[in-house]
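Biologist: Hi! Could you walk me through this one?
Modeller: Happy to, here it is.

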Amino acid sequence: MQTTLQIAANGLMLGALYACIAVGFSLVWGVLNVINMLHGSFIVLGGYMAFFAWRDLGVHPLVSLAVIAGLLFLLGWGLQYGIINRVVMQPVLTTLTLTFGLDMIVYNFMTLAFTATPRRIVLDLGNIEFLGVVMPVDRIVAMVLALALTGLLFAVLRSSKLGRAIVAVRMDRDAAALMGIRVDRIYAITFGIGALMAGACGSLLAVVYPVTSSMTGLFLGKAFVVCVIGGLGSVPGALIGGLSLGFIESAAGHWLGPQDAMTIGFVLMILLLMTKPTGLLGKQGYE
Amino acid sequence: MAEPLLSVQGVSAGYGDVQVLWDVNLSVEAGRIVCLVGSNGAGKSTLLRTISGLIKPTRGQIRFAGRDLAGASPDEILRAGIAHVPEGRRLFKGLTVRDNLLLGAYLRNDAHADIVRDLDAVFALFPILKERQNQDATTLSGGEQQMCAIGRGMMARPQLLMIDELSLGLAPRMVERIAEALTEINRTGVTILLVEQDVLTAFELADYAYVVETGRISMEGNTSTLADDPRVRQAYLGL
């Protein structure tokens, strides 16, 4: 019983972070039809920024989070507006290749600048024990913030003017243009939001796990799996996908060992692709 | 004579290498209902898409309310006062009727209360939309979707409302109902440019018509005159 509860608690914590990792990736894929290979690097970059702000400047990660999110938004916005928008109407392979190339630049820059040494912010907030389940406080904080950020994005998309415009562009680009929506600007803002979510999530991750530049591919892979499980382009989809993956990995990690937990995630992705390629919450035929 | 509200002069346009419009001239005077009729693929929709900026004309002038709008972007053209209700309604799936209508007012910076007042005006014109305002817009019936699309166009407070394929796929009674609403909209001072395949409906509603054939204007005139023209009667009215 206690073991089950502990697995569930770990799964929830992991799942909240996975949802946060994937939600920006899913948004960009759904709205722009761009598979953003940079997403993992954005996450790691956010983690590094939080780490160095904490170690060298003494800034608490909860404070730097907002600044990092803002900077990553600007970076994402600039990349989309200046570079990716030029080819965004091309087939998906073109934009994938472009973001792959940009990812190589960012990834190698990070390795060069920060080395591959794993970095972690150690806050030492102690543990909380409840019903025999032990949870480190820093993990709980990271989980709550990850869920809050995901919820905030949902609220913005759901009930703001910007959110309506993003959904409109996603559903019908030409009709959105007829509403006076500047599609190129919405693309840049959406890509910026994707980067913002990645950066914020990265700084949360740095509080929980060691972060290193070689993890970019790992995070990107997680984002893929979550999108496939939950379905593309919706916040609830990313949340369901993230939590599912979190619970599965947590359980598999306990029964099979952590080295196999990730394999299970990818096997599940392949099974879902074969049986329900739209994901658990995804709908068919968006356009 | 005063300058017409919209004047299209010598406009050519197309998609890539395929030229669709050839030297099109058209003018719409303020306060009128003007229709474009012609068969499928004649270029009527392309003309509307060129006026609203979705396609850039390769040649020619488009003047609206004294401004040159050829080559302007869709948002500039909407801001100038031309709203375009596209063929097939093109409502946004996943958004409610209300959100779809609000998107029509996307460019407006006036007070929220003014936008809500216009929303109420649309609801007064099409009461069914008020009933269904929280429902996904694409779950409406075809006629209701057309009402929503027209309402969405009106939310921009346009001087000129362009409607593409008003009656396509709608029940005759629904067409009548929407035509009445358009007359009412026109009475409030909004000029209307209508694209319609059903010439009878178009001629009933509009007072001036252009006939488009293979990307060129082949005839124009008052609808009452055109309705008696033997060429129109034979080709479009089946008489």
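This is a predicted model: local features need pLDDT of at least 70, side-chain atom pairs count only at pLDDT 80 or more; totals for chains, interfaces and linings use all residues.

Biologist: Good to know. Where is Ala65(B), then?
Modeller: Ala65(B) lies in the loop between β4 (59-64) and β5 (67-68) of chain B. Its phi is positive, about 45°, although Ala65(B) is not a glycine.

Biologist: And is Ala65(B) buried, exposed or partly exposed?
Modeller: Ala65(B) is partly exposed, because it has 15 other C-beta atoms within 10 Å, and buried would take 20 or more.

Biologist: Which loop holds Arg90(B)?
Modeller: Arg90(B) is placed in the loop between β6 (82-85) and α3 (97-104) of chain B. For Arg90(B), phi is near 50°, again a positive value in a residue other than glycine. Arg90(B) is buried, with 21 other C-beta atoms within 10 Å.

Biologist: Let's switch to chain A. How do α1 and α8 of chain A cross?
Modeller: The axes of α1 (residues 2-32) and α8 (residues 183-208) of chain A come within 9 Å and cross at roughly 165°. Angles over 145 degrees count as roughly antiparallel, so α1(A) and α8(A) are roughly antiparallel to each other. Their crossing is left-handed.

Biologist: Which residues make that contact?
Modeller: On α1(A) they include Leu17(A), Cys20(A) and Val31(A), and on α8(A) they include Tyr187(A), Gly194(A) and Leu205(A). By class, this contact has 18 nonpolar, three polar and no charged residues.

Biologist: What about α1(A) and α5(A), what is their crossing angle?
Modeller: Roughly 40°, with the axes of α1(A) and α5 (residues 137-159) of chain A coming within 8 Å. That makes α1(A) oblique to α5(A). This crossing is left-handed too. Among the residues that meet are Leu12(A), Leu17(A) and Cys20(A) in α1(A), and Arg139(A), Met143(A) and Thr150(A) in α5(A). The contact has 13 nonpolar, one polar and one charged residues.

Biologist: Last topic, the interface. How many residues of chain A are in contact with chain B?
Modeller: On the chain A side there are 14, in contact with 19 residues of chain B. The elements of chain A that give two or more residues to that side are α6 (161-171) and α7 (173-178). α6(A) gives the most, with five residues.

Biologist: How do the residues on that side of chain A divide by class?
Modeller: They split into nine nonpolar, one polar and four charged.

Note on methods
Residues are numbered from 1 along each chain as its sequence is written. Chains are lettered from A and ligands numbered from 1 in the order in which they are written. Two residues are in contact if their C-beta atoms, placed from the backbone, lie within 7 Å. Helices (H or I, at least four residues) and strands (E, at least two) are DSSP runs, numbered from the N terminus. Ala, Val, Leu, Ile, Met, Phe, Trp, Tyr, Cys and Pro count as nonpolar, Asp, Glu, Lys and Arg as charged, and the others, Gly among them, as polar. Axes are lines fitted to C-alpha atoms, for helices over the stretch in contact, and angles run from 0 to 180 degrees between N-to-C directions. Angles under 35 degrees count as roughly parallel, over 145 as roughly antiparallel, 65 to 115 as roughly perpendicular and the rest as oblique. A crossing is left-handed if the near helix is turned anticlockwise from the far one by less than a right angle, and right-handed if clockwise. A residue is buried if 20 or more other C-beta atoms lie within 10 Å of its own, exposed if 12 or fewer, and partly exposed in between; C-beta atoms are placed from the backbone.
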